[in-house]
Amino acid sequence: MRSLAEWLEQQQKSHPSAIDLDLTRVGGVARRLGLLPPPYRVVTVAGTNGKGSTVAYLDALLRGAGRRTGRFTSPHLVRYNERICINGREVSDLELIASFERIDAARAGTTLTFFEYNTLAALDVFVRAGVEVAVLEVGLGGRLDATNIVDADVGVVCSIGLDHVDWLGDSLEQIGREKAGIFRAHRPAVLGNAPMPASVWQVIEKLGALPVAPGRQYRVRQHDDRWDFEYGELALRDLPLPALAGEHQVGNAAAALAALVAGDFGIALTPASVAAGLRDVRVPGRFQRVPGEVEWILDVAHNVPAAETLRDNLRRLPPARRTLAICGILGDKDIRGITATLASEIDAWITVTLAGPRAVGAEQIAQQLPASASVLTRASDVAEGCRAARAASRPQDRVLVFGSFLTVGPALEFLGI
């Protein structure tokens, strides 16, 4: 029997291109496996930023209400198994291998991308685990993403920003249209951020989906360290701030609540149950703070809108003596834009070379930093960058790790988290 590592290596090579936005092949295999339509309810979450946090809130709130859940997210930080969870538990290697064997038997010569294998495995595991509700995070875009072979009971679009422009288009209108492709006729289309591009509203109207937007169908009001949520007859007052750090997290939590109300999941949302769900959420790598004499902050921000949010979150913290940045960004990202956005918050830079075919060298990243940037070192990998940061930092300093899942994951391993 092949190991999980061997399966994943084979899947990296099984299709001529790593990304192939087409639902024909993956949909055909899913039907042969009997995965469509799924026997459980589905919430699909898309958006440039905020997807992972919103998925985590949905999963926590549903589990807190007694629902058996399946959660699918990507990419992973440390272990592939993180991508598929049943009731908050990562699936085992054996469960994944059994699913891959079933997929291979059903595909009958059809080639699949790495992410298509991943999506099919999630849907297969969810059926066998008897989940009641699945929460799916879109991988890229929405309309042609593999997760969109499923007709979601509720679609959520968290935000629209410029990212993946080679695949989705180079304007917010084009990107919005692609992400709104997860919506379905006569089903809730939840928006997590207002205003949205006109294209999102056009897709909702054309489909006949049911818009659920902040400031319209649901309302959020933050006051000090509490917040209120209202949707129809439901009014939740004085909710605690979510456990996830960052100003934008109230908006993500509110979108999750709106999706649960709009989808009529038959669960009781009380101030106590929602507060418990918000406290229980953990998503590594999203403004994750690791305290100590030298505080480490890890954030997967890999586009300009996410960098803007990270910058704003840093400005709300007490000032550090000095901030050192470990920066690794893939070559198809806006390296100049991301680093320029954060430059005012960083005193010294450590650029790192990431793994994988989309990576660029530490020197190439350093060349795209603002002219005033002070570069401590150019590291051959993330672990070397972390060692350099640890050696250079002093008490009351701060180390910021950002730019990619491929940067934060190895940093978490280095820190033993």
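Reply: Happy to; what follows is a short tour of a predicted model, taken topic by topic.

Me: Great. What volume does the second largest pocket have?

Reply: The second largest pocket comes out at about 540 Å³. It has 28 lining residues, and the closest to its centre are Arg 71, Glu 82, Arg 282, Val 283 and Pro 284.

Me: Which elements give two or more residues to that lining?

Reply: Those are helix 3 (51-64) and helix 15 (405-415). Helix 3 supplies the largest share of the lining, with five residues.

Me: And how does the lining split by class?

Reply: The lining of the second largest pocket has twelve nonpolar residues, ten charged ones and six polar ones.

Me: Let's change topic to salt bridges. How many are there?

Reply: The count is 24 salt bridges.

Me: Which residue pairs with Arg 102, and how far apart are the closest N and O atoms?

Reply: Arg 102 forms its salt bridge with Asp 124, and the closest N and O atoms are 2.8 Å apart. The pair links distant parts of the chain, with Arg 102 in helix 4 (residues 93-107) and Asp 124 in helix 5 (residues 114-129), 22 residues apart.

Me: Is Asp 124 buried or exposed?

Reply: Asp 124 counts as buried because its relative accessibility is 3%, and the cut-off for buried is under 20%. Arg 102 is partly exposed, with a relative accessible area of 25%.

Me: What about Arg 107, which residue does it bridge to?

Reply: Arg 107 forms a salt bridge with Asp 104, and their closest N and O atoms are 2.7 Å apart. The two are three residues apart in helix 4, so about one helical turn separates them. Arg 107 is buried at 17% relative accessible area, whereas Asp 104 counts as partly exposed at 22%. Salt bridges that share partners also bring in Arg 2, so that Arg 2, Asp 104 and Arg 107 form one network.

Me: Nice. Where does Asp 20 come in?

Reply: The side chain of Asp 20 meets that of Arg 25 in a salt bridge, at 3.3 Å from N to O. Asp 20 is partly exposed, with a relative accessible area of 28%, while Arg 25 is buried at 16%.

Me: Now the backbone. Which peptide bond at Pro 37 is cis?

Reply: The bond from Leu 36 to Pro 37 is cis, with omega near -10 degrees. Pro 37 sits in the loop between helix 2 (23-32) and strand 1 (41-46). Another cis peptide bond joins Ser 74 and Pro 75, where omega is about -10 degrees. Pro 75 lies in the loop between strand 2 (69-72) and strand 3 (84-86).

Me: What about Asp 264, where is it and what is its phi?

Reply: Asp 264 is in the loop between helix 9 (249-262) and helix 10 (271-280). Its phi is near 50 degrees, a positive value in a residue other than glycine. Asp 264 counts as exposed because its relative accessibility is 61%, and the cut-off for exposed is over 50%.

Me: Last one: is Ile 84 buried or exposed?

Reply: Ile 84 is buried, with a relative accessible area of 1%, and its place is in strand 3. For a sense of distance, the C-alpha atoms of Ile 84 and Asp 225 are separated by 33 Å, and the two residues are 141 residues apart along the chain.

Key
Residues numbered from 1 in each chain as written. Predicted model: local features only at pLDDT ≥ 70, side-chain atom pairs only at ≥ 80, totals over all residues. Heavy atoms only, no water. 1 Å grid on protein atoms, 1.4 Å probe; cavity = no way out; pocket = protein on both sides within 12 Å on 5 of 7 lines; lining within 4 Å. Points joined across faces, edges and corners; volume = space filled by probe spheres on them. Helix = DSSP H or I, 4+ residues; strand = E, 2+ residues; numbered from the N terminus. Nonpolar A, V, L, I, M, F, W, Y, C, P; charged D, E, K, R; others polar. Salt bridge = Lys/Arg side-chain N within 4 Å of Asp/Glu carboxyl O. Buried < 20%, exposed > 50% of the residue type's maximum accessible area, 1.4 Å probe, protein only.
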